[in-house]
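Some terms in a structural description rest on cut-offs.

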Amino acid sequence: MSTPERGISRREALIGAAGATAAGLATATPAGARSPRPPHRVDVVVVGAGLAGLTAATDLVRAGHSVAVLEARDRVGGRTLNHSLGGGHVVEVGGQWVGPGQTRILARARALGVRTFKTYVDGDLLFRYRGSVTRFTGLIPPLPAADGADFNALLAKVVTLTQTVPTDRPWTAPDAASLDGQTLETFMLANTRTDGARFVFALAVRAVFAAEPRDLSLLHALFYLRAGQGIINLTSTAGGAQDSRFVGGSQLVSIRMAQRLGHRVVLEAPVRRIGQSHGGVTVTTDRGVWHARRVIVAIAPTLAGRIDYSPILPAARDQLTQRTPQGSVIKFEAVYPTPFWRAQGLSGSAYNDVGPVGFTFDNSPPEGRPGVLLGFVAGSDARRLGQLGLGARRAAVIGSFVSLFGRRAGFPRQLIEHNWSAEEYTRGCYAAYLPPGVWSDYGGALRAPVGRIHWAGTETAEVFTGYMDGAVRSGERAAAEVRRSR
């Protein structure tokens with residue numbers, strides 16, 4: 001197994017690059033302060049220093065363009081974020097997994113010297129259902145025979161329908177209007193008879209989308225699954241979308257891209273206004289004004305919709321941003337001296353029918369110490385739990401861990417919590433989802449440039465939408481659009 005990356009310093013985690021002051025990376029200015037300098041001029045402005053924006057900027061710089069990356073946060077990485085455990089160990093409180101087929105993020109990581117290691121999967125999984133905890137192996141939890149048959153029939157229907165939806169233009173799928181006119185829950189209820197089948201399917205939906213079946217258009221769900229190589233791949237660990245993690249944490253990929261971009265990355269610079277004319281674009285931030293030939297907006301659609309545009313955006317694009325909510329998820333990581341569940345023959349993965357934690361993983365560092373249990377609170381459970389006080393939230397989460405892994409799980413030496421819905425410049429994870437009717441009426445506006453404005457971000461990807469790989473692919477596409485433009 002690879003040796004762990006050295007720990008990321010607090011300064012690196014905040015600004016996204018070691019030695020950034022020496023490299024010329026902009027330092028903080030109080031919000032709302034006017035820049036004493038005249039407007040900056042570059043070929044391209046990139047809004048957002050997550051994987052999409054940093055990828056686009058990297059490709060444009062390689063092509064000889066001058067670039068400024070404007071980031072609202074005080075760090076780079078977007079929806080990836082490392083948390084230090086001390087002793088050089090980190091865990092990820094944002095996006096973290098990669099797997100087969102996610103070639104673009106893996107290629108970028110290799111080029112930056114960021115290695116991967118396998119997610120721990122040795123041992124049994126746990127399934128808590130109707131008051132009993134059962135050990136099992138494989139992907140699908142053990143259900144009563146009738147429920148299991150019911151679930152398998154539903155899964156087969158989803159797999160068949162998924163193959164009918166093109167990822168470049170989902171609204172052109174056969175029977176797209178009908179698929180987009182219903183929720184995933186409506187489809188589930190119409191095609192199942194048993195509570196067990198419905199529970200396991202809804203749990204899978206929360207795991208993949210951080211949303212409830214009632215939230216999603218059936219067409220959107222099928223598109224998303226097709227983009228991620230199918231529901232089996234997206235819910236699998238070994239050999240699937242959760243196959244591996246990055247040594248040093250997933251944010252390290254963005255940190256190293258930002259290091260190479262140096263002074264081109266400007267932090268604490270939320271973009272307030274984008275104006276465009278025949279001659280170019282003007283981007284106004286709390287850190288000053290940038291003039292450029294073109295701009296790439298590499299943030300989630302709902303956040304892009306909060307920028308003031310002049311002239312105003314076309315109605316289709318603006319209304320799209322009004323209809324793309326972010327998922328709801330809180331990640332909790334309980335840290336123990338050792339991963340005690342491994343000695344019990346357990347993998348650390350579990351499914352739970354009693355909230356708030358619906359599913360868990362072993363999230364320990366590559367060398368296996370300390371032990372880290374990762375618990376996801378997603379969908380409605382995240383919305384409810386997020387309204388409680390800190391003590392109530394933590395008691396509920398630790399109670400979930402105890403109900404699955406026993407008394408020893410009740411005494412973590414640390415409990416890490418990150419609620420992405422509460423972040424000002426994120427407002428939810430993993431990604432945006434589309435409710436009924438949105439693909440049909442507004443899908444064409446998701447990726448289409450508006451004059452000199454180009455759109456990136458994992459939501460705009462056609463492959464591995466919602467994943468780090470999708471973010472990288474979207475940045476590559478947007479950079480290519482700019483290079484082809486006049």
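What follows sets values from the model against the definitions behind the words.

The model is predicted, so local features need pLDDT of at least 70 and side-chain atom pairs count only at pLDDT 80 or more, while totals for chains, interfaces and linings use all residues. Residues are numbered from 1 along each chain as its sequence is written, and side-chain values use heavy atoms, with hydrogens and water left out.

Q: Why is Thr 119 called buried?
A: Buried means under 20% relative accessible area, exposed over 50%, and partly exposed in between, with a 1.4 Å probe and protein chains only. Thr 119 has a relative accessible area of 5%, so it is buried. The residue lies in the loop between β7 (116-118) and β8 (124-129).

Q: What is Thr 119 in contact with, leaving aside neighbours within four places in sequence?
A: Contact means heavy atoms within 4.5 Å. Trp 97, Thr 237, Gln 242, Asp 243, Ser 244, Arg 245 and Asp 362 are in contact with Thr 119.

Q: Is Arg 130 buried or exposed?
A: The relative accessible area of Arg 130 is 55%, so the residue is exposed. Arg 130 sits in the loop between β8 and β9 (132-136).

Q: What makes the phi of Arg 130 worth a remark?
A: Phi is near 55° there, a positive value in a residue other than glycine. Most residues other than glycine have a negative phi. Glu 268, in the loop between β11 and β12 (271-277), also has a positive phi, of about 50°, and is not a glycine. At 30% relative accessibility, Glu 268 counts as partly exposed.

Q: Which peptide bonds are called cis, and what is omega there?
A: The bond joining Ser 310 and Pro 311 is cis, with omega about -5°. The bond joining Arg 369 and Pro 370 is cis, with omega about -5°. Pro 311 is in the loop between β16 (308-310) and α13 (315-322), and Pro 370 in the loop between β19 (359-362) and β20 (371-378).

Q: What makes β11 and β22 edge strands?
A: Helices (H or I, at least four residues) and strands (E, at least two) are DSSP runs, numbered from the N terminus. Two strands pair if DSSP finds at least two bridges between them. The open sheet of five strands has the order β11-β3-β2-β15-β22, with parallel pairing. β11 (265-266) and β22 (453-455) each have a single partner strand, so one side of each is left without a neighbour in the sheet.

Q: How do you know that β2 and β3 pair?
A: Strand β2 (residues 44-47) and strand β3 (residues 67-70) share four bridges in the parallel sense, and the cut-off is at least two. Val 67 in β3 is the bridge partner of Val 44.

Q: Why is Ile 274 called buried?
A: Its relative accessibility is 1%, so Ile 274 counts as buried. The residue belongs to strand β12. Among the residues that Ile 274 touches are Val 295, Val 297, Ser 310 and Ile 453. Ile 274 and Pro 311 are 37 residues apart in sequence and 8.8 Å apart in space, C-alpha to C-alpha.
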